[in-house]
Amino acid sequence: MPTTVGRRADRLAPVRRATRGIDRRTVVRTGIVAAVAYAAWLAIGAFGRPYNFFDMKIYHGAVVWWASGHELYEFIAPTTTLGFTYPPFAALAMLPMARLPVETAGWTNAAGSIAALAVVLAALLRPIVDRLGWPLWFTVGIATPMAVAIEPVRETLGYGQVNLLLFALIMADLVGLRWRSRRGTHGRSTDGPFLRLLYSGSWAGMGIGLATAVKLTPALFIGYLLITRQWRVAATAVGTTIGVTLGSFALVGTESRAYFGGVLWQTERVGAADMTPNQSLAGLLARLYDSIETPGLLWLAFSVLVLALGLSRAANARADGDELTAFTLVGLTANVISPISWTHHLVWVIPAIIVLADAAVRRREASRGLSPRTGQQSFGGPPGVSGLRPPIWYPTLTGLRHGVAAVGLYLLFLISPIWPYEHKLPEVSHYQDGLLGALLENSLALALIVLVAALPWRPGAEPAFYTDRLARTAATAGRR
């Protein structure tokens with residue numbers, strides 16, 4: 001018997017040596033990340049739709065057709081009426097995948113998109129987890145599969161779309177703005193010129209410029225930069241867009257003339273406005289009017305209103321030191337006012353959920369140790385003295401509405417209740433299932449509009465530029 005026990009101990013010795021340096025909490029956290037990833041996989045199966053890289057097959061077929069000597073914008077995917085709708089620069093960027101099988105191209109795009117999403121989440125969550133003292137890898141490990149499970153991301157991956165890559169380009173400029181405002185705090189004197197240039201943030205604007213050259217809707221971010229007088233960043237974005245577009249004209253002039261001279265204005269190439277997956281304001285109005293086409297003047301009037309509201313709130317968020325919320329409001333506004341915003345375009349709900357969740361945590365933290373009447377630190381007084389201790393429920397309920405909003409927004413885009421009520425004119429009216437059906441079919445569009453109007457910002461949270469207004473806010477907080 002002792003011999004058997006000794007042999008078993010000898011066999012377990014390597015395992016003990018390998019795990020000796022591993023903290024038990026790390027093992028538990030790794031298990032939690034694995035469990036969340038599995039739950040996300042189950043959620044995609046439960047709430048997602050059958051995916052077969054439908055859009056990737058169009059892109060792949062178009063670049064293969066183009067590489068074989070045909071005209072790019074004459075391509076029509078088999079069994080469909082759909083062709084390539086992006087600018088020539090996007091086709092040039094996708095051209096290398098013509099050498100890959102379509103399934104390989106689809107999985108490569110999915111892997112790259114998930115990696116880009118994880119990097120973006122790390123950048124967005126870093127200031128929050130540093131404040132709370134959470135491990136970044138653990139937080140990102142949980143956040144990434146949770147984000148993958150919701151409608152915009154699973155549709156992007158399943159259809160082979162590029163939305164997460166464009167999202168990452170725009171968010172890279174947010175990081176650049178942060179570094180630019182803290183110029184010199186990242187780089188070391190021993191770093192090479194490339195790293196010093198990287199950490200200087202002087203390249204901020206290039207991501208927005210590249211995204212605009214691929215898809216026109218990110219151009220709204222250039223308008224935001226101009227409104228907030230970020231002249232250098234705006235000039236970089238405009239210069240990048242123009243430079244890339246002119247370069248495309250030089251390389252593929254025929255395709256560039258075809259796109260800007262005709263294809264760009266052929267809105268019917270992407271689908272009818274009233275289609276259920278179009279969760280923009282235009283799609284909402286078309287469905288409310290039970291029409292294939294959007295009522296033009298009404299859409300224009302409401303779009304101008306939403307545009308003014310979204311950009312003004314974004315400018316105020318930036319002035320109060322919350323550049324993440326400012327970028328999120330601009331992205332959400334672009335989703336609302338665009339004539340077509342398919343559900344896979346709505347990736348801007350991801351930072352919106354982060355902002356709401358962090359706003360809830362910040363408000364709860366601020367309530368601890370502060371009197372609800374005076375805002376002064378007063379919890380240290382005797383329990384029997386009136387007014388020195390708030391009710392025990394006060395810190396718990398503070399921030400509750402923002403927390404509920406974050407959870408509700410996540411569940412809405414996880415479940416995505418639009419699909420059971422999908423209707424198509426003229427065969428089936430959008431009011432086929434009554435008022436409840438019409439409400440749920442438009443639920444994502446309505447959520448976007450509410451977010452543009454009511455998404456809170458967090459004063460002093462993550463300033464990308466130290467304004468006079470932010471200085472006054474910080475001074476007021478310091479006096480308290």
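**Exercise 1. Arginine 287**

Which side chain does the side chain of arginine 287 join in a polar contact, and at what distance? Also find out where arginine 287 sits and what surrounds it.

*Solution.* Before you start, keep in mind that this is a predicted model.

- Step 1: Find the place. Arginine 287 belongs to helix α14, residues 281–288.
- Step 2: Look for the polar contact. The partner is asparagine 442, with the two side chains 2.6 Å apart.
- Step 3: Arginine 287 is buried but has none. The nearest side chain of opposite charge is glutamate 441, at 4.6 Å.
- Step 4: List some neighbours. Skipping residues within four places in sequence, arginine 287 is in contact with several others, including Asp274, Met275, His430 and Tyr431.

**Exercise 2. A salt bridge across the sequence**

Work out which parts of the chain arginine 49 and glutamate 155 tie together.

*Solution.* 

- Step 1: Start with the bridge. The two side chains meet with N and O 2.8 Å apart.
- Step 2: Place each partner. Arginine 49 is in the loop between α2 and α3, while glutamate 155 is in helix α7, so the bridge ties together parts 106 residues apart in sequence.
- Step 3: Compare surroundings. Arginine 49 is partly exposed at 24% relative accessibility, whereas glutamate 155 is buried at 2%.

**Exercise 3. A salt-bridge network**

The structure holds 8 salt bridges. Start at aspartate 358 and trace the network it belongs to.

*Solution.* 

- Step 1: Find a partner in the helix. Aspartate 358 pairs with arginine 362, their closest N and O atoms lying 2.8 Å apart. Both residues are in helix α17, 4 residues apart, which is about one turn. Here's the general idea: an α-helix has 3.6 residues a turn, so residues three or four places apart point the same way.
- Step 2: Arginine 362 is partly exposed at 23%, but aspartate 358 is buried at 2%.
- Step 3: Find another partner. Aspartate 358 also forms a salt bridge with arginine 458, at 2.7 Å from N to O. Arginine 458 lies in the loop between α21 and α22, so this pair ties together parts 100 residues apart in sequence. Arginine 458 is buried too, with 2% relative accessibility.
- Step 4: Through shared partners, salt bridges join Arg131, Asp322, Asp358, Arg362 and Arg458.

**Exercise 4. Arginine 154 and its surroundings**

Is arginine 154 buried or exposed? Then say which backbone oxygen its side chain reaches.

*Solution.* 

- Step 1: Locate arginine 154: helix α7, residues 151–159.
- Step 2: Apply the cut-off. Buried means under 20% relative accessible area, so arginine 154, at 2%, is buried.
- Step 3: Follow the side chain. The side chain of arginine 154 comes to 3.3 Å from the backbone oxygen of phenylalanine 47.
- Step 4: See what else arginine 154 touches. Among its contacts beyond four places in sequence are Ile44, Tyr51, Phe413 and Ser416.

**Exercise 5. Helices and the core**

How many residues of α16 are buried? Then look at α11 and the largest nonpolar core.

*Solution.* 

- Step 1: Count in α16. The answer is 15 of 15, so this helix is largely enclosed by the rest of the structure. Its span from first to last C-alpha is 21 Å, close to the 21 Å expected.
- Step 2: Turn to α11. Its buried residues are Leu220, Phe221, Ile222, Tyr224 and Leu225, and α16 is one of the elements that cover them.
- Step 3: Look at the core. The largest nonpolar core has 104 residues, and Phe84, Met171, Phe327, Leu332 and Phe413 touch the most other members. Helix α5 gives the largest share, 10 residues.
- Step 4: Zoom in on leucine 332. Its contacts beyond four places in sequence include Trp348, Val349, Leu448 and Leu455.

Notes
Residues are numbered from 1 along each chain as its sequence is written. This is a predicted model: local features need pLDDT of at least 70, side-chain atom pairs count only at pLDDT 80 or more; totals for chains, interfaces and linings use all residues. Side-chain values use heavy atoms; hydrogens and water are left out. Helices (H or I, at least four residues) and strands (E, at least two) are DSSP runs, numbered from the N terminus. Buried means under 20% relative accessible area, exposed over 50%, partly exposed in between (1.4 Å probe, protein chains only). Lys and Arg count as positive and Asp and Glu as negative; His and the chain ends are not counted. A salt bridge is a side-chain nitrogen of Lys or Arg within 4 Å of a carboxyl oxygen of Asp or Glu. A polar contact is a pair of N or O atoms within 3.5 Å; within protein, one must be able to donate a hydrogen and the other to accept it, and residues adjacent in sequence count only if both atoms are side-chain atoms. Contact means heavy atoms within 4.5 Å. A nonpolar core is a set of buried Ala, Val, Leu, Ile, Met, Phe, Trp, Tyr and Cys residues joined through side-chain atoms within 4.5 Å. The expected span of a helix is 1.5 Å times one less than its number of residues.
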